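Subject: Structure handover

Hello,

I am passing on the structure we spoke about. Please look at it first, then read the notes below.

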Amino acid sequence: MQALSLWPFKGVPDKPAAWLAIVARNRALDLLRHETRSLTLADELLPAEPHQPPGDGHFDRELNDDELALLFAVCHPALSLEMRVTFALKTVCGLTVPQIAAGLLSEPVAISQRLVRARRQLEAMGAAIEAPPPEALAERAESVRTALYLMFSEGYSASSGDALVHPELCVEAVRLARALARHPVTAAPASDALAALLTLTAARLATRVGPDGVAQLLEDQPRALWDGGLITLGLAHLERSARGTELTVWHLRAEIASLHALAPSTEATDWQRIADIYEQLREIDPSPIVELARAVAIGRADGPSAGLAALPSPGGNPYAHAAKGQFLTELGRRDEARVHFEKARALARTEPERRLMERRLLT
């Protein structure tokens with residue numbers, strides 16, 4: 001794993017606008033030369049307008065483009081979407097097979113096999129892994145967006161280990177998503193929507209884990225410590241994403257992130273709107289994660305009985321067990337709730353989440 005700058009999580013630093021300001025990345029990849037570089041994400045509150053002359057269409061150096069160019073290189077159209085994303089997450093984003101499997105809701109063995117098939121397929125075709133010409137970028141863009149989203153997700157909520165967050169992954173995903181949205185060839189409403197989603201979510205990173213090392217639920221996070229500059233930046237990307245006519249999953253997820261970012265409290269959040277958006281996501285991009293998030297939103301909007309009824313079977317999902325335990329607690333069914341909090345603790349993916357479930361069992 002690459003050596004990266006550390007992220008401040010114990011309160012607001014002396015210069016809040018710069019808390020997400022510098023990431024140093026040093027990678028050695030055979031295909032493209034990488035070097036340690038500095039990045040300022042909060043250098044401006046509004047992203048540059050994408051309506052620039054396309055020029056020669058190549059990634060210029062002012063975007064610190066090597067990783068983005070390599071993402072497009074490995075997202076070869078000869079591969080299926082799943083193969084492109086898997087290959088990109090492994091070779092460029094640096095995720096492990098178990099991390100990729102967690103993000104794609106798959107098994108490590110299946111991911112390993114997919115990687116082998118992807119390499120063999122490219123070798124059999126003699127496909128060159130190189131930055132594609134400008135006219136070939138559009139057909140690969142969605143694969144790149146998906147890879148960046150999953151890279152950020154692993155950084156925001158780790159799939160295993162002692163740490164809940166790996167902020168270096170979040171920083172890099174935000175940087176690359178913004179570069180994607182600002183480049184004259186890849187600028188598109190969907191790219192701005194992704195940049196909005198990641199930036200708005202990154203604004204909450206400093207409050208994901210409390211000073212005691214315990215994961216903090218959304219309602220327990222001190223919103224005064226959310227980064228206002230990143231929220232403003234994310235909203236600007238969201239506004240720009242509305243210039244198109246297509247409503248993508250990135251638009252829907254970004255709107256949910258904006259509703260959280262703008263709400264003064266958990267109680268004041270527009271949970272009914274969030275539930276409606278998850279219903280839309282359920283139709284166009286169904287997944288167990290969407291089902292669970294929809295149930296939580298319904299529970300907030302219509303009460304714990306409605307949320308409990310909407311919950312999918314928890315199975316081996318610690319978050320579903322935790323949500324069921326919360327709904328049961330709110331309904332006064334404490335003994336039943338303890339069973340699910342205990343299962344959530346046993347299934348917890350990271351130490352901060354396990355400690356959170358221990359705390360829930362004691363209250």
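Predicted model: local features only at pLDDT ≥ 70, side-chain atom pairs only at ≥ 80, totals over all residues.

Residues are numbered from 1 along each chain as its sequence is written, and side-chain values use heavy atoms, with hydrogens and water left out.

Helix 13

Helices are DSSP runs (H or I, at least four residues), numbered from the N terminus. Helix 13 covers residues 318-330, and its end C-alpha atoms are 18 Å apart. After the helix comes G332, with a positive phi near 80°. Buried residues of helix 13 include P318, H321 and F327; buried means under 20% relative accessible area, exposed over 50%, and partly exposed in between (1.4 Å probe, protein chains only). The buried residues pack against helix 11, helix 12, helix 14 and helix 15.

Core and cysteines

The largest nonpolar core has 98 residues, and L71 and L89 have the most contacts inside it. Such a core is a set of buried Ala, Val, Leu, Ile, Met, Phe, Trp, Tyr and Cys residues joined through side-chain atoms within 4.5 Å. Leaving aside residues up to four places away in sequence, L89 touches, among others, I100, A147 and M151 (contact means heavy atoms within 4.5 Å).

A search of the whole structure finds 0 disulfides, a disulfide being a pair of cysteine sulfur atoms within 2.5 Å. For C93, the nearest cysteine sulfur is that of C75, 8.6 Å away. C93 is buried, at 1% relative accessible area.

Aromatic pairs

There are 2 aromatic pairs. Rings of Phe, Tyr and Trp (its six-membered ring) pair if their centres lie within 6.5 Å; planes under 30 degrees apart count as stacked, over 60 as edge-to-face and the rest as tilted. Y149 and W250 are edge-to-face, because their ring centres are 5.3 Å apart and their planes are at 65°. Y149 lies in helix 5 and W250 in helix 9, so this pair ties together parts 101 residues apart in sequence. The other pair, F152 and Y156, is stacked, at 5.8 Å centre to centre and 15° between the planes. F152 and Y156 both lie in helix 5, about one turn apart.

Regards

Conventions. Helix = DSSP H or I, 4+ residues; strand = E, 2+ residues; numbered from the N terminus. Expected span 1.5 Å × (residues − 1).
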